[in-house]
Amino acid sequence: MNDRRGEDPVVGTGPRAILALWPSVAGALAFRYAAYAVMTALALWAELRPAPTLPDAVLERLPYVPWIDRANYWLWLLVYVPLAAAFLWTEPRRWVRYMVTGGLVSLARGVTIALTGMGAPDPAHAGPGIGGRDFWTAYGELLSPLGVFDRGAIAAYLTKDLFFSGHVATTFLLWLSLRGRPRMAPIALAASLAVTASVLLAHLHYAIDVVGAWAVTFAIFTLREGWPRPGSADRAGRGR
């Protein structure tokens, strides 16, 4: 990884700029998918271990909201995919760095899931988990192009992929990467906060999973990009 303190040179926007960087774009996508595959394998391995439900001072005071639970995954897709696509369109070179950082966050998530043993925070409303199903069948479904975006498959196989929250981490990282972009940054921040609220109101994660997502994601982002400085992101976003 190269330590970047300045801004990458502008290579333009839109399809021509993306095509000019297609090896880097393809490589970043491949790395992000490989990191997801490793993380998923570790999460499924953790699913096979017994784990207790832990007390949570926040969830104890938050009601379970069924419709938010049903809509949570689609909310994440609705806010994440268009913002990530717009990021690629407007700043393809920075998007490549963002995707690699996202892959590193995903790998860190897989490791922390394997290191912890936390049961579903609300067993009454959690999915069935992998149970007696075959590991490789579940793994194949989760890695398929449809499985990656299939809430049913994820809910059916994963109930202990808790520390830290992937939905919170991905949307928080997107906001960190878009800071200073006048049009996209406020949307990314609102999206990150909405997704954070949704995972708590759906009782999908403990509060510590949210805090852990913020902490680990910020640490990895800072190691890659340097400490966020007021004004630096604003200058990077001007003229785009």
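Patches are made of residues with over 30% relative accessible area and no salt bridge, where like charges are joined within 9 Å and nonpolar side chains (Val, Leu, Ile, Met, Phe, Trp, Tyr) within 5 Å. This is a predicted model, in which local features need pLDDT of at least 70 and side-chain atom pairs count only at pLDDT 80 or more, while totals for chains, interfaces and linings use all residues. Residues are numbered from 1 along each chain as its sequence is written, and side-chain values use heavy atoms, with hydrogens and water left out.

**View 1. A nonpolar surface patch.** I208, V211 and W214 make a nonpolar surface patch of about 260 Å². Accessible areas come from the Shrake-Rupley method with a 1.4 Å probe; for residues, only the protein chains shown count as cover. I208 lies in helix α10. Helices (H or I, at least four residues) and strands (E, at least two) are DSSP runs, numbered from the N terminus. With 45% relative accessibility, I208 counts as partly exposed.

View 2. The structure holds 5 salt bridges. A salt bridge is a side-chain nitrogen of Lys or Arg within 4 Å of a carboxyl oxygen of Asp or Glu. Side chains of opposite charge can pair when their charged atoms come close. In this view E91 and R181 meet, with 2.9 Å from N to O. E91 lies in the loop between α3 (66-90) and α4 (92-115), and R181 lies in the loop between α8 (166-178) and α9 (185-201), so the pair ties together parts that are 90 residues apart in sequence. Are E91 and R181 buried or exposed? E91 is buried, and R181 is buried too.

**View 3. The salt bridge between R97 and E225.** The closest N and O atoms of R97 and E225 are 3.0 Å apart, and the two residues form a salt bridge. This pair links distant parts of the chain, 128 residues apart: R97 is in helix α4 and E225 in helix α10 (residues 207-225). Both residues, R97 and E225, are buried.

View 4. R109 forms a salt bridge with D161, with 3.3 Å between the closest N and O atoms. The pair links distant parts of the chain, 52 residues apart: R109 sits in helix α4, D161 in the loop between α7 (151-157) and α8. R109 counts as buried at 8% relative accessibility. D161 counts as buried at 13%.

**View 5. Backbone details in two loops.** F163 and F164 are joined by a cis peptide bond, with omega about 15 degrees. F164 lies in the loop between α7 and α8. In the loop between α9 and α10 lies H203. H203 is not a glycine, yet has a positive phi of about 60 degrees. At 12% relative accessibility, H203 counts as buried.

**View 6. Helix α9 and its cover.** Helix α9 has 17 residues and reaches 24 Å from its first C-alpha to its last, close to the 24 Å expected at 1.5 Å a residue. The expected span is 1.5 Å times one less than the number of residues. Which residues of α9 are buried? They are A185, A188, A191, S192, V195, T196, S198, V199 and L200. What covers them includes α3, α8 and α10. Contact means heavy atoms within 4.5 Å.

**View 7. L78 and A191.** L78 is found in helix α3. L78 is exposed, with a relative accessible area of 62%. The C-alpha atoms of L78 and A191 are separated by 9.3 Å, while the two residues are 113 residues apart along the chain.

**View 8. Two nonpolar cores.** A nonpolar core is a set of buried Ala, Val, Leu, Ile, Met, Phe, Trp, Tyr and Cys residues joined through side-chain atoms within 4.5 Å. The largest core has 42 residues, of which V25, W95, Y98, F164, L174 and L178 touch the most other members. The elements that give it two or more residues are α2, α3, α4, α8, α9 and α10. Its largest share, 9 residues, comes from α3. Apart from this core lies another of 15 residues, among them Y36, I113, I130 and Y157.

Definitions and conventions: Buried means under 20% relative accessible area, exposed over 50%, partly exposed in between (1.4 Å probe, protein chains only).
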